Amino acid sequence: MVTGQVSENSESRFSALLVGAARLPGVRIDREAYLRTALARHCSEDQLRQAMEENPAAAGIPLDVLDRVADAAIRYETAKVSALSAAAGIPGFIAMPATVPADLAQYVAHMLRIAQKLAYLYSWPDLFSTDNDDLDDATKGVLTLFFGVMFGTQSANAAVGKVAEAMAEQVARKLPQQALTKGVVYPIVKKVAGYLGVKMTKETFAKSVSKAIPLVGAAVSGGLTYATFRPMSKRLKTHLSGLELAKPVGGQVIIGEVIQDEDRQAADEVKIPKPGREWRVLKHR
């Protein structure tokens, strides 16, 4: 009985954290706008239009192109969240009650941002198709599974594969509501949410300890964020790119120069600050 209550509480904590982070400004990625910006320099106008109207796989955009764009997105989001995490560690022990929850919310917010970018590149439908602030159950479910993949949960890997298969079979342009809210995937979603609730509670404690000493805590916090966020994002990228859903239709080849995109340039401008006289928070060149 106690174990069930703990699981339910951890699941509720994670759900509340996910919903709260999704409401933060700048978290939701406009799918069509992102694809246009990210892919404009890598494919023809016709392919770009088809990628926006359908998906990159239907447009025949090769996986190696999508992988390069995905890597640029990961670099950008990693640099940004690491800099924010380091900045949150500046005040030290006195401000810890305020900075730690804010830091965790920012971390989850950037996990949401990179999850959306990777999903759209690898031909998943719009995850936020309405203007409603609240997440619908299907969106909450698939994001939970994406987070599970990022944390290395094998059951989440299998569940994401099942959801992708359901969409491929139905040639659907939206998430399969039935599978995510009532079908065989739903119990996995609940289990993964409970695991993530416990995991993120431990992460919060670890970050609290790292912030106890001003400046030093900032450097440690930013470094910890960088060391965890990037491999987690890479893990999701690897999984999504390996699904049948992501494979280009027709095996078209795009000929042209691959140019450094906006995310890569922005990522180079967002540095993890170092303590001392060189300290600059989110300073752009």
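Q: Which exposed residues sit on the face of H3 turned away from its buried side?
A: Those are Asp46 and Glu53. Keep in mind that we're looking at a predicted model.

Q: And which residues of helix H3 are buried?
A: Within H3, which spans residues 45–53, the buried ones are Gln47, Leu48, Ala51 and Met52. Looking down the axis of H3, they fall within an arc of 135 degrees, so they line one face of the helix.

Q: Why would residues a few places apart point the same way?
A: An α-helix has 3.6 residues a turn, so residues three or four places apart do that.

Q: Nice. What covers the buried residues of H3?
A: The cover includes H2. Helix H2 (residues 31–39) also has the highest confidence in the chain, with a mean pLDDT of 96.

Q: Where is confidence lowest, then?
A: Among the elements to check is helix H11, residues 262–269, where the mean is lowest at 45. Residues 205–223 stay under 50 in pLDDT, and the model has 45 contacts for them beyond four places in sequence. Where pLDDT is low, the predicted coordinates should not be read in detail.

Q: Switching to pockets: how much space lies in the second largest pocket?
A: About 260 Å³. Its lining has 15 residues, and the closest to the centre are Glu11, Lys140, Tyr186, Val189 and Lys190.

Q: Which helix gives the most to that lining?
A: H1 does, with 6 residues. By class, the lining has 5 nonpolar, 5 polar and 5 charged residues.

Notes. Residues are numbered from 1 along each chain as its sequence is written. This is a predicted model: local features need pLDDT of at least 70, side-chain atom pairs count only at pLDDT 80 or more; totals for chains, interfaces and linings use all residues. Side-chain values use heavy atoms; hydrogens and water are left out. On a 1 Å grid over the protein atoms alone, a cavity is a set of points where a 1.4 Å probe fits but cannot get out, and a pocket is an open set with protein on both sides within 12 Å along at least five of seven lines; lining residues have an atom within 4 Å of a point. Grid points are joined across faces, edges and corners, and a volume is the space filled by probe spheres set on the points. Helices (H or I, at least four residues) and strands (E, at least two) are DSSP runs, numbered from the N terminus. Ala, Val, Leu, Ile, Met, Phe, Trp, Tyr, Cys and Pro count as nonpolar, Asp, Glu, Lys and Arg as charged, and the others, Gly among them, as polar. pLDDT is the predictor's confidence in each residue, from 0 to 100. Contact means heavy atoms within 4.5 Å. Buried means under 20% relative accessible area, exposed over 50%, partly exposed in between (1.4 Å probe, protein chains only). The arc is that of the directions from the helix axis to the C-beta atoms.
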